[in-house]
Amino acid sequence: MTATATRPLSITEAIETRRSIRKFVQEPMNADDLQEILRLASLAPSAWNAQTWRFAVVQDPAIKAELQAASYGQPQVGGAPAVIVVYSDMEDTLKTAEDTAHPGMGEEGRAGQRKTFDGAFGGQDVAQRGQWGLSQANIAFGFLMLAARGLGYDTVPMLGFQADKVREVLNLPEHVQFAGLLPIGKRAEDGHTHYRHSVERVTTFY
Ligand SMILES: Cc1cc2nc3c(=O)[nH]c(=O)nc-3n(C[C@H](O)[C@H](O)[C@H](O)COP(=O)(O)O)c2cc1C
C-alpha cells in the first residue's frame, strides 16, 4: 500500500475522489500495486464471461514518448509513470473461447462455450464482433480507474489518440479495438471537482 492510501478506499470514496489527473509525481509505479490494480480490473464482468479485454502496460520512456506522439502530443502520456492501454481482442477471445468456461462446469462447459461463441459470432465479420468485444472491454476500463483510485492512484482516461499509430507502436494486430489509454500515477495536481448533470436530468423512473 502506498503513501497516499494507507488503506484501500471504499468504492464510494474511490468514486467520489476520482478525477482526471494530468500531472503526476515523477516516481515509478509500485510493481505490487500495479499488479493488484490489474487483477482487480480483471474481475470485471462480461457477457458469457468473454473477458475480451487485454492490457498493455507501458513504462519504458521511449515507448511512452511514441504513445504521446500518437496522442496528438498530450503531455500526460509521457509524464505518467505508466500508461495502461486497454484494448479488446475479440479474435483471440473467439479462438480461445473454451478458456472462459468456469472450471466447475468441466468439459461440458468448455464445449458449451465453444458452441455459444461460434453460434453468436461465427457469422459476423471481424468489425462487427470487434464492436461487441469493445463493449465488454469498456467495463474493465471503468473497473481499472476505480481499482487504481481505490489503491491511492490517479488516472486520466483517454480516447484522444490515433488508433492505427498506437497499434503500430505496440505491434498489435489490426482487429484490436481500444477502450482507451490510461496514464496512471500519483496526483501532482488537484484536478477539477466533479461537474455533472443532476440525477433528475439523466434519469426516468417508470
Ligand atoms: C472515454 C474518455 C475519453 C477521454 N479522452 C480524453 C483525452 O483524450 N484527453 C484528456 O485530457 N482527457 C480525456 N478524457 C477525460 C475527460 O475530459 C474527463 O473525464 C471529463 O471531463 C470529466 O472529468 P473528470 O474525469 O475529472 O471527472 C476522457 C474521458 C473519457 C471517459
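The model is predicted, so local features need pLDDT of at least 70 and side-chain atom pairs count only at pLDDT 80 or more, whereas totals for chains, interfaces and linings use all residues. Residues are numbered from 1 along each chain as its sequence is written, and side-chain values use heavy atoms, with hydrogens and water left out.

**Strand β4**

Select residues 177-185, which make up strand β4. Helices (H or I, at least four residues) and strands (E, at least two) are DSSP runs, numbered from the N terminus. Nine of the nine residues of β4 are buried, so the strand is largely enclosed by the rest of the structure. Here buried means under 20% relative accessible area, exposed over 50%, and partly exposed in between, with a 1.4 Å probe and protein chains only.

Two strands are taken to pair if DSSP finds at least two bridges between them. V83 has P183 of β4 as its bridge partner.

The bridge partner of D154 is G185 in β4.

**T155**

Remain in strand β3 and select T155. At 1% relative accessibility, T155 counts as buried. Leaving aside residues up to four places away in sequence, T155 touches several residues, among them R19, F24, M145 and P183; contact means heavy atoms within 4.5 Å.

**The aromatic cluster**

Select W48, F117, F121 and W132, which form one aromatic cluster. Rings of Phe, Tyr and Trp (its six-membered ring) pair if their centres lie within 6.5 Å; planes under 30 degrees apart count as stacked, over 60 as edge-to-face and the rest as tilted. The count by this rule is seven aromatic pairs. The ring centres of W48 and F121 are 6.0 Å apart and their planes stand at 80°, so this pair is edge-to-face. W48 lies in the loop between α2 (31-41) and β1 (53-58) and F121 in helix α6 (residues 106-121), so the pair ties together parts that are 73 residues apart in sequence. W48 counts as partly exposed at 44% relative accessibility, while F121 counts as buried at 2%.

**Helix α8**

Finally, select E168 in helix α8 (residues 163-170). At 67% relative accessibility, E168 counts as exposed. E66 is 102 residues from E168 in sequence and 9.8 Å from it in space, C-alpha to C-alpha.
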